[in-house]
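Please view the sequence and the model together before reading on.

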Amino acid sequence: MSMPRRYVLCPVGSAGDVFPFIAVGRALRRLDREVLLVATENFAAAAAEADLPFAALGSAEDFERVKSIPDLWHPRRGFGVVMKLVAEGMRAAYARLDELVDPRRDVLVTHILALSARVHQEVRGTPGSTLHLAPSAYRSDFAQPSMLPGMNLDRLPRFLKRTFWWLVDRGFLDPAIAPALNAWRRELGLAPVRRVFKDWVHAEGGTVALFPASFGPP
């Protein structure tokens, strides 16, 4: 007899990232599914209010320390700060998931920045999906996400859209996270990842687009 599934929700970030996962957890609970929310300690009260089992990944003090980093809120330097924090926390987050997750029964529902959970899926064979909170996670050849105010790539030929994203990956996204991620992957015996945010961040079990059609058309 197979074991009942439990959905392990792994958001990364602040309230705007975590509360959508809590809403998903509440919906799963209404369907009589088992759920575990894994987030920083300061969301324990919100999980309790939603009647969701909770496991801490990082302390409330760590969360407040991160919030106080000035460049975190800078329009250009903020992404690099976030990637540095993700890289620094990957191994500890993976170890915590190893304590909590049973690959034979659990399903990981992950945030786009939950890179430790994505690696856990590869190493342990844990099934799962990625829950995307904004259409910018998807690189459509037709309806491009708006990256800069007033910049609309929709009318460009498809090859130019793909070239644009290649340049973004090569010059901006991969340099911020790929070296640290691939150094860790080598330790685990995994192949390196190139263009991390093009394909790899999306779980093999598929993605869930948790945003209204007004943000981006299905």
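## Packing of two helices

The axes of helix α4 (residues 78-100) and α6 (158-187) come within 9 Å and cross at roughly 15°; axes are lines fitted to C-alpha atoms, for helices over the stretch in contact, with angles from 0 to 180 degrees between N-to-C directions. Helix α4 is therefore roughly parallel to α6, a term for angles under 35 degrees. Helices are DSSP runs (H or I, at least four residues), strands likewise (E, at least two), numbered from the N terminus.

Contact means heavy atoms within 4.5 Å. Among the contact residues are Phe79, Met83 and Tyr94 of α4, and Phe172, Leu173 and Trp184 of α6.

## Basis of the model

This is a predicted model, in which local features need pLDDT of at least 70 and side-chain atom pairs count only at pLDDT 80 or more, while totals for chains, interfaces and linings use all residues. Residues are numbered from 1 along each chain as its sequence is written, and side-chain values use heavy atoms, leaving out hydrogens and water.

## Salt bridges

A salt bridge places a side-chain nitrogen of Lys or Arg within 4 Å of a carboxyl oxygen of Asp or Glu; the count is 16. Arginine 6 pairs with aspartate 106 at 2.8 Å between the closest N and O atoms. This pair links strand β1 (residues 6-10) to strand β4 (residues 106-110). Arginine 6 and aspartate 106 are both buried (under 20% relative accessible area; exposed is over 50%, partly exposed in between; 1.4 Å probe, protein chains only).

Arginine 91 is partly exposed at 37%, whereas glutamate 187 is exposed at 56%.

Notes
Parallel < 35°, antiparallel > 145°, perpendicular 65-115°, else oblique.
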